[in-house]
Amino acid sequence: MTRPYHTERHYRNWRPVTVNEDSEPGTVRPGGRTARVRASVLRAAGDVLAERGFAHLDLADVARRAGVGKTTVYRRWGAVAGLVADLLAEMVEESVPRAETGSLLNDLKANANLVRRTLCDPRQGALFKAVIAAATYDERTAQALRRFYDARVTEWVPCVTQAIDRGEVPAGTDPCEVIRAVSAPLYYRLLTIGEPPDETAAERAARAAAAGARAGVYVR
C-alpha cells in the first residue's frame with residue numbers, strides 16, 4: 001500500500017533519546033545518535049504542530065517531548081522556523097516516489113489519491129494546515145514549504161513528460177502546471193470548507209487535470 005507524503009516508518013520503534021547537551025550534531029555517523037536525535041525532535045515538532053499549531057511550537061517544549069537536551073536543539077535548529085524547515089526537508093526525504101502506470105490519467109489518479117490520503121490522515125492533515133497557516137506570515141516557513149512542494153511536483157513531472165512523448169497531450173504542455181492542477185482543488189477543499197477530500201474529489205481532480213492537459217490548457 002502506498003504511504004502518504006510523510007511516512008511513519010522511521011517512528012515505528014521510536015523512543016525519546018537522551019543525549020549530552022554538549023554533543024555536537026553531525027559528529028557521529030548517519031544512522032547513529034545524531035539521526036536518532038533528529039528523528040525524535042522532528043517527531044515531537046510534528047506532534048506539536050498537529051496538536052496545537054505553529055504558534056505553540058516552542059524549542060524547549062519540543063526538546064522535553066523528545067527527551068533531548070534543549071541546548072542541543074537550540075544549537076542545531078536555532079529557531080522555530082529552522083525546525084519547521086528541517087521537518088519539511090525530512091518529509092521530502094521520506095516522500096513516496098511517483099507511480100508509473102503507462103497512462104497519464106492513471107498516473108494523475110495515483111497522485112491525487114496520495115494527496116488525499118495525506119490530507120485525510122489525522123496527524124498529517126493537521127500538520128499541513130498548521131504549516132500552511134504559518135507560511136502566510138513567516139517567510140522562512142514559506143520558503144521551506146515552497147521547497148517541499150517544488151520537490152513533490154518535480155518528482156511527478158515525468159508522468160506528464162512521458163505522456164507528451166506518447167502523444168497523449170500536446171507538445172509544450174507545462175508538466176508542473178498539470179501536477180499542481182491535481183492537488184489544488186484537494187487543498188482548496190481542506191482549507192476553505194474544512195473537509196478532507198474524499199475519493200470522489202480525488203477522482204474528479206485527476207480527471208479534470210488530465211482533460212485540461214489533453215485539451216491544451218496547460219500549453220506554455
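This dialogue walks through a predicted model, one feature at a time.

Reader: Hello! What should I know before I start?

Author: Welcome! This is a predicted model, where local features need pLDDT of at least 70, side-chain atom pairs count only at pLDDT 80 or more, and totals for chains, interfaces and linings use all residues. Residues are numbered from 1 along each chain as its sequence is written, and side-chain values use heavy atoms, with hydrogens and water left out.

Reader: How many helices and strands does the protein chain have?

Author: Helices (H or I, at least four residues) and strands (E, at least two) are DSSP runs, numbered from the N terminus. Here the protein chain has nine helices and zero strands. Along the sequence, the pattern reads α-α-α-α-α-α-α-α-α.

Reader: What share of the residues of the protein chain count as buried?

Author: A residue is buried under 20% relative accessible area, exposed over 50%, and partly exposed in between (1.4 Å probe, protein chains only). By that rule, 49% of the 220 residues in the protein chain are buried.

Reader: And how do I read contacts?

Author: Contact means heavy atoms within 4.5 Å. Among contacts in the protein chain with a separation of 6 or more, 72% involve residues 24 or more positions apart.

Reader: Which residues does T141 touch, not counting residues up to four places away in sequence?

Author: T141 sits in helix α7 and is buried, with a relative accessible area of 0%. Not counting residues up to four places away in sequence, T141 touches F54, A81, V84, L88, V131, A134 and A135.

Reader: Where is K109, in terms of the helices?

Author: You will find K109 in helix α5. Setting aside residues up to four places away in sequence, K109 touches E203, A206 and R207. K109 and E199 are 90 residues apart in sequence, and their C-alpha atoms are 9.9 Å apart in space.

Reader: Is G212 buried or exposed?

Author: G212 counts as buried, because its relative accessibility is 11%. G212 belongs to helix α9 (residues 199-214). Leaving aside neighbours within four places in sequence, G212 is in contact with V217 and Y218.

Reader: Now for charges. How many salt bridges does the structure hold?

Author: Side chains of opposite charge can pair when their charged atoms come close. A salt bridge is counted when a side-chain nitrogen of Lys or Arg lies within 4 Å of a carboxyl oxygen of Asp or Glu. The structure holds 15 salt bridges.

Reader: Which parts of the chain do R38 and E93 link?

Author: The side chains of R38 and E93 meet in a salt bridge, at 3.2 Å from N to O. This pair links distant parts of the chain, with R38 in helix α1 (residues 33-52) and E93 in helix α4 (residues 80-93), 55 residues apart. R38 is buried, at 16% relative accessible area.

Reader: Why are D61 and R65 separated by about one helical turn?

Author: D61 and R65 are about one helical turn apart because they lie four residues apart in helix α2 (residues 59-66). They form a salt bridge whose closest N and O atoms are 3.5 Å apart. D61 is buried, with a relative accessible area of 14%, whereas R65 is partly exposed, at 26%.

Reader: Which residues are linked with D61 in a network of salt bridges?

Author: The network links E51, D61, R64 and R65. A polar contact is a pair of N or O atoms within 3.5 Å; within protein, one must be able to donate a hydrogen and the other to accept it, and residues adjacent in sequence count only if both atoms are side-chain atoms. One of these joins the side chains of D61 and R64, at 2.5 Å.
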